[in-house]
Amino acid sequence: MNNLIISNLSKTYANGVQALHDISLDIPTGMFGLLGPNGAGKSTLMRTIATLQEADQGTVTLGDLNVLTQKNDVRKILGYLPQEFGLYPKISAEVLLDHLAVLKGITNKKERKEVVKALLYKTNLYADRKRNLGGFSGGMKQRFGIAQALLTNPKLLIVDEPTAGLDPVERNRFYNLLSALGENTVVILSTHIVDDVKELCTNMAIINKGQVLLKGDPLKVIEEIEDKVYQKTILKNELESYKQEYNVIAEKLFLGKPIIHILCDNNPANGFTPIKADLQDVYFSQIYGEQHGTK
Ligand code: ADP
């Protein structure tokens, strides 16, 4: 199976924003999580790989395929679920999927019927297939988006921020759908939600300001900081002074009281207790570390 290999990709928009800065990633088949805050450059990277916009520099390959120049060939093996997509509200899921299948070149009526039916089952929309799309919930729309992205049986599937705006039940359902996708496909899941990556991905990268801050297996990157995260419940007015003294990577409220997580090579004592680090800690240590200039 071929890896998607991104080498030294850069992009500056006409307004001077450098959205991608020398990005290099080697993405194997399976679920790959691209994690970063809003504005990190995720969508720019996704759209570039999906042949929808040009890079200034760098290369992207999938096996023998030059993704940036052989656009028509890429489109035949690509499934893309953009961050926002419009659906015709007044036609049913089944009719629109059938229509999109025609556009994708599945011209044999019998074959098309089978493909559409299989995808409606797969995305758990079969019972709702006759309903108009205008009445679909956010989660149902996203599942429909996946159904259309799978029409061509893609080797490369790009899913941009799919769980934003979904409630926990819908999100879980969407996770189940994504995790059931073939292991033979390169699936890139772009998200700012750490749990998306934690639940689904075997490989990941954290990007911010157009740069790769960290890449690897989520479990391994957690291991790297495993013995270095400590927590303490503090008073609200102490937060600033703790931030001055320690590398505070997370602050949250528990029963109305602030709890902070810090990253520290040695036990800081002073009332801090060691905790089991998770991906959230890795993420914030990277993002905050960058802001604080400690990286
Ligand atoms: P993300 O998907 O991680 O939120 P984006 O790729 O959308 O990040 O944006 C990265 C940066 O590029 C942001 O600063 C954004 O404002 C800027 N940007 C995105 N699209 C355009 C565009 N078409 N023209 C100018 N700037 C853009």
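Tutor: Helices α3 and α5 are roughly parallel to each other, because angles under 35 degrees count as such. Helices here are DSSP runs of H or I with at least four residues, numbered from the N terminus. Please note that this is a predicted model, in which local features need pLDDT of at least 70, side-chain atom pairs count only at pLDDT 80 or more, and totals for chains, interfaces and linings use all residues. Residues are numbered from 1 along each chain as its sequence is written, and side-chain values use heavy atoms, with hydrogens and water left out.

Student: At what angle do the axes of α3 and α5 cross?

Tutor: Two packed helices are described by the angle between their axes and the distance between the axes. The axes of α3 (residues 93-103) and α5 (residues 138-149) cross at roughly 25 degrees and come within 10 Å. Axes are lines fitted to C-alpha atoms, for helices over the stretch in contact, and angles run from 0 to 180 degrees between N-to-C directions.

Student: Which residues make the contact?

Tutor: Contact means heavy atoms within 4.5 Å. Helix α3 contributes Ala93, Leu96, Leu97 and Leu100, while α5 contributes Phe144, Ala147 and Gln148. These residues of the contact divide into 6 nonpolar, 1 polar and no charged; Ala, Leu and Phe are among the types counted as nonpolar, whereas Asp, Glu, Lys and Arg count as charged and the types in neither class as polar.

Student: How many helices and strands does the chain have?

Tutor: The chain has 10 helices and 14 strands, a strand being an E run of at least two residues.

Notes
Parallel < 35°, antiparallel > 145°, perpendicular 65-115°, else oblique.
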